[in-house]
Amino acid sequence: MQDIQTIIQILSSGKPVIYPTDTVYGLWCDAANDVAVENLYTLTSRPEHKGLIVLCDSLNMIEKYGEIRFELEKRIIEHCMPWPLTLILDSRHELSALVEQPNGTLWVRIPDHDIALDIITAFGRPIATKSANRSGMVAPTDVNEIDPYFIDHWVMIIDGGICDIQIPSTIIRVIDEDDFQILRQGSMSEDEIRELIA
């Protein structure tokens, strides 16, 4: 596996890397670099209106880029992350606008993967990501499932073994001080979330 500094150099240069998290292999880029994010959309044929998930290493990093409106949002971050969970927050507009949803929200997640967290921490700012597949294709959970298309386009692929969970994260949005709604059901159930924040 490539060392962390090599990965950081690639991300800092505006190029993407493919790296595993706890859920699936993701295509990563610098979330603050417009050109890098645009390239990620192009590589995966992903419509820009779908936005991206932003990987952070802590509550502090999330609060720097996403606005905490409700105490429940903070409790979810503190009690349910790192976990296969993505939380939708209002953006502070400190990253590339291309990572945001059309409604100005930011989808944030802390991956439950030690090396991934070490990379984000060393990089010093969030990493934009989507699953390492072209739009409409299956998300890979093993390096051998990654489309050779990315090799042909000179994307560095880092073999981190088989992903532990192998199901994309659950995506939720807090709607008031007491409740949230699930926008995409992933590996984490509503009951699990409610039990953790009770």
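This is a predicted model: local features need pLDDT of at least 70, side-chain atom pairs count only at pLDDT 80 or more; totals for chains, interfaces and linings use all residues.
1. Two cysteines show why. The sulfur of Cys 56 has its closest cysteine sulfur in Cys 29, 13 Å away, which is too far for a bond. For Cys 163 the closest cysteine sulfur is again in Cys 29, at 18 Å, also too far for a bond. A disulfide would need the two sulfurs within 2.5 Å. Cys 56 counts as buried, because its relative accessibility is 1%. Cys 163, at 3%, counts as buried too.

2. Strand E1. Strand E1 covers residues 17–20. Both of its faces are covered. Val 17 and Tyr 19 are buried on one side, Ile 18 and Pro 20 on the other.

3. Partners of E1. E1 and E2 run antiparallel and are joined by four bridges. Within this pair, Val 17 stands opposite Trp 28 in E2. Ile 18 has Ile 157 of E8 as its bridge partner.

4. Helix H1. Which residues of H1 are buried? They are Ile 7, Ile 8, Ile 10 and Leu 11. These residues cover an arc of only 160 degrees around the axis, so they lie on the same side of H1. They pack against E1, E2, H5, E7 and E8.

5. Ends of H1. At the start of H1, a side-chain oxygen of Asp 3 comes to within 3.0 Å of the backbone nitrogen of Gln 5. After the helix comes Gly 14, with a positive phi near 90 degrees.

6. Helix H5. H5 spans residues 114–123, and its buried residues are Ala 116, Leu 117, Ile 119, Ile 120 and Phe 123. Why do they share a side of H5? Their arc around the axis is only 160 degrees, which puts them on the same side. The general rule behind such a face is that an α-helix has 3.6 residues a turn, so residues three or four places apart point the same way.

7. What covers H5. The cover over the buried residues of H5 includes helices H1 (4–12) and H3 (59–65). It also includes strands E1 (17–20), E2 (25–30), E3 (53–55) and E7 (127–131). Just after H5, Gly 124 takes a positive phi of about 90 degrees.

8. How many salt bridges does the structure hold? There are eight. One of them joins Arg 109 to Asp 22, with the closest N and O atoms 2.7 Å apart. This pair links distant parts of the chain, 87 residues apart. Arg 109 sits in strand E6 (residues 105–109), and Asp 22 in the loop between E1 and E2. Both Arg 109 and Asp 22 are buried.

9. The H7 pair. The side chains of Arg 194 and Glu 190 meet in a salt bridge, 2.9 Å from N to O. The two are four residues apart in helix H7 (residues 190–197), so about one helical turn separates them. Arg 194 is partly exposed, with a relative accessible area of 29%. Glu 190, at 35%, also counts as partly exposed.

10. A salt-bridge network. Salt bridges with shared partners join Arg 69, Glu 73, Asp 90 and Arg 173 into one network. Among its links is the one between Arg 69 and Glu 73, at 3.7 Å from N to O. Are these two partners buried or exposed, and to what extent? Arg 69 is partly exposed, at 32% relative accessibility. Glu 73 is buried, at 0%.

11. Lys 74. Lys 74 lies in helix H4 (residues 71–80). It is partly exposed, with a relative accessible area of 27%. Leaving out residues up to four places away in sequence, Lys 74 touches Leu 59, Glu 63 and Ile 68. Glu 63 is eleven residues from Lys 74 along the chain, and their C-alpha atoms are separated by 9.1 Å.

Definitions and conventions
Residues are numbered from 1 along each chain as its sequence is written. Side-chain values use heavy atoms; hydrogens and water are left out. Buried means under 20% relative accessible area, exposed over 50%, partly exposed in between (1.4 Å probe, protein chains only). The arc is that of the directions from the helix axis to the C-beta atoms. Contact means heavy atoms within 4.5 Å. A salt bridge is a side-chain nitrogen of Lys or Arg within 4 Å of a carboxyl oxygen of Asp or Glu. Two strands pair if DSSP finds at least two bridges between them. A polar contact is a pair of N or O atoms within 3.5 Å; within protein, one must be able to donate a hydrogen and the other to accept it, and residues adjacent in sequence count only if both atoms are side-chain atoms.
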